[in-house]
Amino acid sequence: MAYVTRIRFGKRNLGVLSPLESDVLKIMWKNPDSWRVRDIHSTLKKRRKVALTSVAVILDRLHAKKIVTRKINIGRGGEYYIYSCQVCKEDFQQTVVEKTVDKLIDNFGDVAVNYFNERFSKDKKGG
Amino acid sequence: MEVLFSSPTCFSASTILGVDKIAIAIFSLSIAVLLLLLLRRGFSTKSKIFLIYGHLAFLFFPFVLLAANTGCGTLSMSCHNNYQQLIAYALPGTLAASALAGLFVIPAFYTLSSRREIKSSHVRNFVRRHSTTMNIKTPKLYVIDKAKPMAFSFRSLRSAIFLSAGIFDVLTKKEIEAILLHEIAHIKHHSSVIKVSTAIARIFSPLTLIVRFHDASGIEEEKADKFAIKTQGTSRHIRNAKRKVEAFD
């Protein structure tokens, strides 16, 4: 389970990830097969300017957050990492929503609950 | 009242040590200073290692002498309460333990905990070829399960080079080769031994605070880089490799 420590909201990111982390995960979710750092970098650099070391750092962070797994693979040039998604997109979003709502309720109590009720009522009336 | 002291002159240094032994102690300390000053000269790495441990041995010899001569006669106390002996023997003992740890235990720890040898034939052949050229035994090659690009080596009972998996993710083939050449040079020049020895000297010898004797890290890194540059005919690969390693943080 991903552990939420900070919440950021924006158009590009997935709520608890930096923009680059979000972009990397979106690539991996489209094709959940195993990925090398270089493969993700070559896909990503078509859309944005990014260094290979930056992609490697991001994948390491996602691994620390237990969102991706990795294993060492033997190749001709040496031993390198193969990364795979540990959490699918839907489960990740579910986790983010659950943790976020839980945190809001823990921090704001009745204020948060009342707001959710109002919001759901509005949505219901709106159809 | 019980007489506690056996002799009115028991506190005199000459009765504790003997005048001849004081002279030996002073002579020993002088040799220690001389050896430290010699380290500033351009001796080979092996010679510098001997000079470092020679300096420490002569520096601690007076303490051992004190311990050996501080017998139970002093203050007529029981031998079991002779803390001076304990402290005096503890200093060279700690030094010996540190040297053993730095030169043998820590390299063995890394070797045993890595458990994963590099299987890539290209890397193994490259290291074997250049080790033969450098006239050293081919070091063992291990991969460390870390994303941060890093490489280090030990020269111990069996030399070894450790590379992280991150190095193969981030560096090009030529850059990896530059790093391997750099580490082979470290093994050839006993860099790990002199770095550990210099660190031990800095910890145990207060004289190293006064006399700047060997910038182990800087000199050893320069020598290793020079070897990589000379072998590849360009500084580009080693520079790029180092830049990428630093950029990872």
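A polar contact is a pair of N or O atoms within 3.5 Å, where within protein one must be able to donate a hydrogen and the other to accept it, and residues adjacent in sequence count only if both atoms are side-chain atoms. In this predicted model, local features need pLDDT of at least 70, side-chain atom pairs count only at pLDDT 80 or more, and totals for chains, interfaces and linings use all residues. Residues are numbered from 1 along each chain as its sequence is written, chains are lettered from A and ligands numbered from 1 in the order in which they are written, and side-chain values use heavy atoms, with hydrogens and water left out.

Between chain B and chain A, 7 residue pairs are in polar contact, both residues being at pLDDT 80 or more. Salt bridges (a side-chain nitrogen of Lys or Arg within 4 Å of a carboxyl oxygen of Asp or Glu) number 0 between chain B and chain A. With contact taken as heavy atoms within 4.5 Å, 21 residues of chain B touch 19 residues of chain A. Arg116(B), Asp169(B) and Phe248(B) supply 35% of the area that chain B buries against chain A, more than any other three residues; buried area is the accessible area (1.4 Å probe) that two parts lose on being put together, summed over both. The two chains bury about 1700 Å² between them, 56% of it on carbon and sulfur atoms.

On the side of chain B that touches chain A, 10 residues are nonpolar, 4 polar and 7 charged. Here Ala, Val, Leu, Ile, Met, Phe, Trp, Tyr, Cys and Pro count as nonpolar, Asp, Glu, Lys and Arg as charged, and the others, Gly among them, as polar.
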